[in-house]
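Open the model in your viewer and keep the selection tool at hand. Each stop below says what to select and what is there.

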Amino acid sequence: MPHPGSFGLLLTLHILLAIFVVGPLTLVCASVPSLLRTGPRALPILRLAGRLVRGFAVASLLIVVTGAGMVHQGSFGSVRSFSDSWLLGSLVLWVVACGICLAVIAPSLSHAIAEIDAGGDARRRLGSITGGAVLSSACWVVVIALMVVKPGA
């Protein structure tokens, strides 16, 4: 079914934002552990990675805003309300993924950078950063699956 007008525009923006925000966010989170193993040589990239994790996690709010706009547009296909289980589940997983990025990965990365700056070894941060990256990536995968399959819709 074609999606003309503002719904089509919001859908296009929603998909583009998902690709250009969640994709890089996931890639940055996944690359941080190997960068930490590199040590002081990777400090400039680690600093950038910290800013990117925070920036992309916050920017992902735009994905939610465009999605909410589509729900607000009315009944188009299976998009009906925020009480639909697949949509509600996606929102919860978005909160979890962003929470992990902002409350686990970004602070752990900041601490690791400070430790490397002080001449220490930041490898003890690998567990929280790697675990956070795996969990947030899993959340994004399930969100995408829910968006595509829309179980119960």
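The tour goes from a surface patch to a helix pair and then to the salt bridges.

**Before you click**

This is a predicted model, in which local features need pLDDT of at least 70, side-chain atom pairs count only at pLDDT 80 or more, and totals for chains, interfaces and linings use all residues. Residues are numbered from 1 along each chain as its sequence is written, and side-chain values use heavy atoms, with hydrogens and water left out.

**Stop 1: a nonpolar patch**

Select Ile 15, Leu 16, Ile 19 and Phe 20. Together they make a nonpolar surface patch of about 400 Å². Patch members have over 30% relative accessible area and no salt bridge; nonpolar side chains (Val, Leu, Ile, Met, Phe, Trp, Tyr) are joined within 5 Å, like charges within 9 Å. Areas come from the Shrake-Rupley method with a 1.4 Å probe, and for residues only the protein chains shown count as cover.

Helices are DSSP runs (H or I, at least four residues), numbered from the N terminus. Ile 15 has 45% relative accessibility, so it counts as partly exposed. That class lies between buried (under 20%) and exposed (over 50%), with a 1.4 Å probe and protein chains only.

**Stop 2: two helices**

Select H4 (residues 85–117) and H5 (residues 126–149). Their axes come within 9 Å and cross at roughly 160°. Axes are lines fitted to C-alpha atoms, for helices over the stretch in contact; angles run from 0 to 180 degrees between N-to-C directions. H4 and H5 are therefore roughly antiparallel, a label for angles over 145 degrees.

**Stop 3: salt bridges**

How many salt bridges does a search of the whole structure find? It finds four. The criterion is a side-chain nitrogen of Lys or Arg within 4 Å of a carboxyl oxygen of Asp or Glu.

Select Arg 47 and Asp 117. Their closest N and O atoms are 2.7 Å apart. Arg 47 lies in helix H2 (residues 43–59) and Asp 117 in H4, so this pair ties together parts 70 residues apart in sequence. Arg 47 is partly exposed at 33%, and Asp 117 is partly exposed at 46%.

Move to Glu 115 and Arg 124. Their side chains form a salt bridge at 2.6 Å, N to O. Glu 115 is buried at 15%, whereas Arg 124 is exposed at 62%.

Finish at Asp 121 and Arg 123, a salt bridge with closest N and O atoms 3.6 Å apart. Arg 123 is partly exposed at 48%.

Methods
Angles under 35 degrees count as roughly parallel, over 145 as roughly antiparallel, 65 to 115 as roughly perpendicular and the rest as oblique.
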